[in-house]
Amino acid sequence: MNMAWKEMKKNKARFLILGSIVFLVSLLTFIISGLANGLSHDNAGLIKDLPPGQFYMTEDAEEMYNLSKINSETQDAMLTSHENAVALSIQLGFINDESDKQRSVAFVTSTDTDLFEQVSSGEVILDRSLEEEGIKIGDILTNNQHHGTFVVKGFVDQKKYSHAPVAFISTEDYQEIYRTSEMQLIFIPELETAQEFTGLQSYSNQEFLQTIPSYSAEQMSLNMIVWFLIVISGMLFAIFFYMMNVQKIGLYGILKAIGVKTSALFRMMWTKMVVITVIALGISIAGSQLFNSLAPNGMPFNLSIQTTVQLSLIFLLIGFIGATLSGIQIKKVEALQAIQQGEV
Amino acid sequence: MELFAMEGISKTFINGELKEDVLKGINLSLNVGEVTALTGASGSGKSTLLTIAAGLQDATDGIIHFNGKNLTTMSSEQIRKIRASEFGFVFQFAHLVPFLTVEEQLLLMLDVAEIKLKKIEKKKEVNRILTLVGMDHRKSSYPSSLSGGEKQRVAIARAIIHKPKVLFADEPTASLDSKRSIDIMVLIRDITKNYNITTLMVTHDEEMLKYTDRVIRMVDGLVFAGSN
Ligand SMILES: Nc1ncnc2c1ncn2[C@@H]1O[C@H](COP(=O)(O)OP(=O)(O)OP(=O)(O)O)[C@@H](O)[C@H]1O
Ligand SMILES: [Mg+2]
């Protein structure tokens with residue numbers, strides 16, 4: 001007989017309350033996690049969408065890529081030894097639109113590659129977010145440090161860096177704006193273990209993301225909230241089941257006296273926990289996916305099914321641990337003391 | 001050999017410095033088809049003896065023979081199995097499961113005793129026992145809506161539905177008024193006779209002794225034959 005089910009049927013209100021709390025906490029967790037992911041794309045979509053590989057900057061730049069200047073011999077040597085390696089530079093700057101309004105962008109230039117957009121001198125490819133702000137293909141843009149103009153050739157999706165839309169420009173134009181002939185970074189895709197190059201320091205994609213100052217701060221605080229919520233939900237389970245178990249000490253004692261196995265009592269508790277969590281998570285996944293599709297365009301929200309499923313599994317695990325810890329009392333109950341206690 | 005017998009059972013409780021010899025070497029064998037009443041002053045050790053007999057706590061010394069086996073040397077899992085399938089329990093309070101209907105309480109006991117029957121046969125059996133205790137009309141009620149006497153009838157039904165060999169009852173009538181108490185006593189006696197059960201019952205109510213077959217008095221940690 002399924003006692004857990006019978007109990008939940010009889011005490012609907014109690015379990016509905018627990019279920020709604022799990023639902024609310026998990027929904028909040030999903031939404032914050034979606035926001036963390038969205039913000040991380042908004043902050044570093046340019047880097048996040050790259051295949052895994054290794055970044056190199058000079059050692060003396062001390063993790064600040066914009067202080068890195070890789071000399072041309074090293075660059076040539078690396079690009080020849082690794083055929084898909086690419087040298088690139090990223091600098092935050094301004095571009096003026098046709099009505100002379102200044103807009104902040106991240107200028108990006110690279111040697112020939114499929115990983116970054118390529119344009120010829122006097123042209124620019126922009127992140128889609130600028131199109132939404134009214135810039136059109138064919139518009140003429142200018143920069144105060146540059147003698148010429150940039151014709152907008154096109155737009156690309158999800159190319160952001162440090163929350164600024166990326167502007168892909170040619171290497172000549174970049175060198176003119178920033179008065180430099182060296183590139184800051186070399187990226188070698190599909191290089192799993194870092195290879196040593198003298199004077200250069202290597203970073204995996206993830207390590208490189210951490211060198212973007214706002215990135216790690218933002219992600220750390222959001223991820224901390226997510227973990228906090230997960231821990232809270234685990235504690236909720238533990239406390240809730242603890243209270244329910246304490247009320248039932250007498251009943252558990254009697255059931256043990258008439259011969260019910262302790263494992264059966266645990267199974268009863270786990271069933272309740274799993275049923276409540278799965279239903280609450282199901283609703284919460286549906287809710288967060290709905291939010292994902294309805295979230296306004298400007299809102300950096302990006303929640304994949306994969307993340308939700310991963311978080312859900314963690315919720316289940318934490319709920320299981322919480323309920324089990326509180327269930328240790330079940331193991332300790334003596335049939336005898338319950339019988340002598342009187343009516344349950 | 002008897003179905004159930006205790007030999008030299010002693011029990012000492014140790015509370016810090018204090019040692020209390022509650023049972024001092026009890027020999028008692030129970031007769032099949034009889035209600036054996038255990039009576040005596042409060043604190044004389046009746047409940048202690050009954051719970052030791054039922055395998056709910058260990059004796060300090062002594063042997064318990066049940067059906068040719070020695071309970072005192074068994075593992076707790078072996079004793080649990082015996083409690084589940086060969087013993088029945090009734091206590092002062094009915095201790096029913098609050099979220100199960102009367103019918104479900106009994107179906108649960110059949111599951112616990114691992115009685116292999118088809119669902120429909122289990123339900124038939126439940127009906128039969130409920131009719132026996134006069135509770136068939138409250139089959140789908142929850143315990144909270146039953147009176148004390150009705151709950152106790154259901155508890156008795158739960159204690160015998162799996163056809164136990166031994167029925168243990170500790171003050172089953174203590175929470176009931178005298179008319180209901182007599183009903184319950186008659187019920188226990190009839191069931192003991194009709195199903196050939198061995199019943200050990202604790203009571204301190206002298207009135208109830210009339211409805212038992214044999215009276216054992218506990219004095220100072222020992223048992224003496226008494227009269228009803
Ligand atoms: N777990 C225990 N620890 C210590 N002493 C105990 C314990 N259980 C029982 N006792 C003592 O053993 C003695 C007998 O108790 P028991 O409950 O068997 O009495 P009883 O005859 O059933 O009494 P009553 O008629 O009041 O139910 C009492 O003095 C009691 O204090
Ligand atoms: Mg007692």
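Let's start in chain B of this predicted model, at B:G55, which sits just after helix 1 and takes a positive phi of about 75 degrees. The buried ones are B:K46, B:T48, B:L49, B:L50, B:T51, B:I52 and B:A53.

After helix 8 of chain A comes A:G259, with a positive phi near 110 degrees.

Now for the rings. Over all chains, the structure holds 20 aromatic pairs. One of them joins B:F4 and B:F66, a tilted pair at 6.2 Å centre to centre with 55 degrees between the planes. B:F4 and B:F66 are both buried.

B:F4 also pairs with B:F168: the centres are 5.9 Å apart and the planes at 75 degrees, and because planes over 60 degrees apart count as edge-to-face, that is what this pair is. Here strand 1 is linked to strand 7 (residues 166-170) of chain B, across 164 residues. B:F168 is buried, at 0% relative accessible area. Ring pairs tie B:F4, B:F66, B:F87, B:F89, B:F91 and B:F168 into a cluster.

Finally, look at the surface of chain A, where A:E59, A:D60, A:E62, A:E63, A:E196 and A:E207 gather in a patch of negative charge. A:E63 lies in the loop between strand 1 (53-58) and helix 3 (72-81), and is partly exposed at 48% relative accessible area.

Methods:
Residues numbered from 1 in each chain as written. Chains lettered and ligands numbered in written order. Predicted model: local features only at pLDDT ≥ 70, side-chain atom pairs only at ≥ 80, totals over all residues. Heavy atoms only, no water. Patch = residues over 30% accessible without salt bridge, like charges linked within 9 Å, V, L, I, M, F, W, Y side chains within 5 Å. Areas by Shrake-Rupley, 256 points an atom, 1.4 Å probe, with all protein chains shown as cover. Salt bridge = Lys/Arg side-chain N within 4 Å of Asp/Glu carboxyl O. Lys, Arg positive; Asp, Glu negative; His and termini not counted. Charge placed at Lys NZ, Arg CZ, Asp CG, Glu CD. Helix = DSSP H or I, 4+ residues; strand = E, 2+ residues; numbered from the N terminus. Buried < 20%, exposed > 50% of the residue type's maximum accessible area, 1.4 Å probe, protein only. Phe/Tyr/Trp six-rings, centres within 6.5 Å; stacked < 30°, edge-to-face > 60°.
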